Amino acid sequence: MKKIINIFILLTSINSFAKKENIDFLFENKIDSLISFSNAIQTGSDLSRLIANQKFEKVLRDVLNDPTSIDYDYSNIKCLSVIESPKKKQKFRIYTWAMKLGNDDYDYFGFTQYQKNKNDKLKNFVYKLSNKSKEIGKDELSTLDSNNWIGCVYYQIVAPEKRKDKTYILIGWDGNNWRSTKKIIETFSFNNKGEISFGKKIIRYNLGTKKRPKVVSKARLIFEYNGEVSMTVSYNSNLKKIIFDHLRPSDPKLADLYFTYAPDFTYDALEYEKKKWIHSSDIDVRNQEEVKPVRWQPKDINERTKDTLIPQRSN
């Protein structure tokens, strides 16, 4: 029996991906191919998925090399998650997708697209994201780049409150394996060459308690938990906090076995303060409906199934 992995997130900036009527997209004849390859990535044998994914990746790269592609609406390409800059002064997008192999193995792919005007000339930078999750492991401290990427499907971006702060937060999903799932809170920024850098140590995370805090600096947070349960991680715009379920093992003796972890019905949070994200635990959500993270669904949920963006998990 197949169980769908539910994604709990706020509505992302995907709502703004409306096709601009005054732009002539010269690559539109390639979109049908992307849709076809996207569907093939999610069905058929492992070999057919691999072949379809190679073709999808090549055609998408060709499309993104066209500067106007940053304004295109890709919502018909069901496997593709598109995140764009919430700040007008920076124009970028991050494209990610998952490919399921076997019963519960996942691989991840992506591109970054960054644009800037220099001497009245538009520069369009496109870089491939190379999944190195197995080599990186649960490293929450290192600085990474497009060639060393913790593969996942990003579903939400959080902008810094300060205007001059250019370090953003990404929230992503990783199906990991048959026993466990991961959620990732990642920090990132772009340089002037359009190159992405992951992992700035701006997260102040308390490993201790409220009475006996033990605060450490982290570049990212990686949560791993039992694959048969759901964990909520999302930005709450009312509270201006990233709210997430607190995880505990089923038995304290199993603390090193992350597939035994599950939400314990309490919430933690990250709050922006002076260019840092400060962790706090045991957020009181009783009788505070606005605190609870919104459970996101695609805006075209009536026309599609929930597994079109995130593959299904099998027993």
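Q: Is Lys 58 buried or exposed in this predicted model?
A: This is a predicted model. Lys 58 has a relative accessible area of 56%. The cut-off for exposed is over 50%. So Lys 58 counts as exposed.

Q: Which residue forms a salt bridge with Lys 58?
A: A salt bridge needs a side-chain nitrogen of Lys or Arg within 4 Å of a carboxyl oxygen of Asp or Glu. For Lys 58, the closest N and O atoms of the pair are 3.6 Å apart. The partner is Asp 62.

Q: In which helix do Asp 62 and Lys 58 both lie?
A: The two residues are four residues apart. That is about one turn of the helix. The helix covers residues 46–64 and is H2.

Q: How does Asp 62 count by its relative accessibility?
A: Asp 62 has a relative accessibility of 33%. Buried means under 20% and exposed means over 50%. The value for Asp 62 therefore makes this residue partly exposed.

Q: How far apart are the closest N and O atoms of Glu 84 and Arg 93?
A: Side chains of opposite charge can pair when their charged atoms come close. Glu 84 and Arg 93 form a salt bridge. The closest N and O atoms in this pair are apart by 3.4 Å.

Q: Are Glu 84 and Arg 93 buried or exposed?
A: These two residues form a salt bridge with each other. Glu 84 and Arg 93 share one label for accessibility. Both are buried.

Q: Which side chain meets Glu 271 in a salt bridge?
A: The N to O distance in this pair is 4.0 Å. The pair links distant parts of the chain, 30 residues apart. Glu 271 lies in strand E16, and the partner lies in strand E15 (residues 241–249). That partner is Lys 241.

Q: Is Lys 241 buried or exposed?
A: Glu 271, the partner in the salt bridge, counts as partly exposed at 34% relative accessibility. Lys 241 has 18% relative accessibility. Under 20% is the cut-off, so Lys 241 counts as buried.

Q: How many salt bridges does the count come to?
A: The rule asks for a side-chain nitrogen and a carboxyl oxygen within 4 Å. Among the pairs is Asp 62 with Lys 58. Another pair is Glu 84 with Arg 93. The count comes to eight.

Q: How many disulfides does a search of the whole structure find?
A: A disulfide needs a pair of cysteine sulfur atoms within 2.5 Å. Cys 79 is buried, with a relative accessible area of 1%. Cys 152 is buried too, with a relative accessible area of 1%. The number of disulfides found in the whole structure is zero.

Q: What charge does the surface patch of Lys 162, Lys 164, Lys 200, Lys 274 and Lys 275 have?
A: Lys and Arg count as positive. These five residues gather in a patch on the surface. One of them, Lys 274, is exposed, with a relative accessible area of 69%. The charge of the patch is positive.

Q: Where does Lys 274 lie?
A: Strand E16 covers 261–273. Strand E17 covers 276–283. Lys 274 lies in the loop between E16 and E17.

Q: What is the phi of Lys 274?
A: Most residues other than glycine have a negative phi. Lys 274 is not a glycine, yet has a positive phi. The value is about 50°.

Q: What distance separates the C-alpha atoms of Thr 266 and Leu 247?
A: Thr 266 lies in strand E16 and counts as partly exposed at 24% relative accessibility. Thr 266 and Leu 247 are 19 residues apart along the chain. Their C-alpha atoms are separated by 8.4 Å.

Q: What distance separates the C-alpha atoms of Gln 156 and Ile 171?
A: Gln 156 is found in strand E7 (residues 153–158). Gln 156 counts as buried, at 4% relative accessibility. Along the chain, Gln 156 and Ile 171 are 15 residues apart. Their C-alpha atoms are separated by 5.2 Å.

Technical notes. Residues numbered from 1 in each chain as written. Predicted model: local features only at pLDDT ≥ 70, side-chain atom pairs only at ≥ 80, totals over all residues. Heavy atoms only, no water. Patch = residues over 30% accessible without salt bridge, like charges linked within 9 Å, V, L, I, M, F, W, Y side chains within 5 Å. Areas by Shrake-Rupley, 256 points an atom, 1.4 Å probe, with all protein chains shown as cover. Charge placed at Lys NZ, Arg CZ, Asp CG, Glu CD. Buried < 20%, exposed > 50% of the residue type's maximum accessible area, 1.4 Å probe, protein only.
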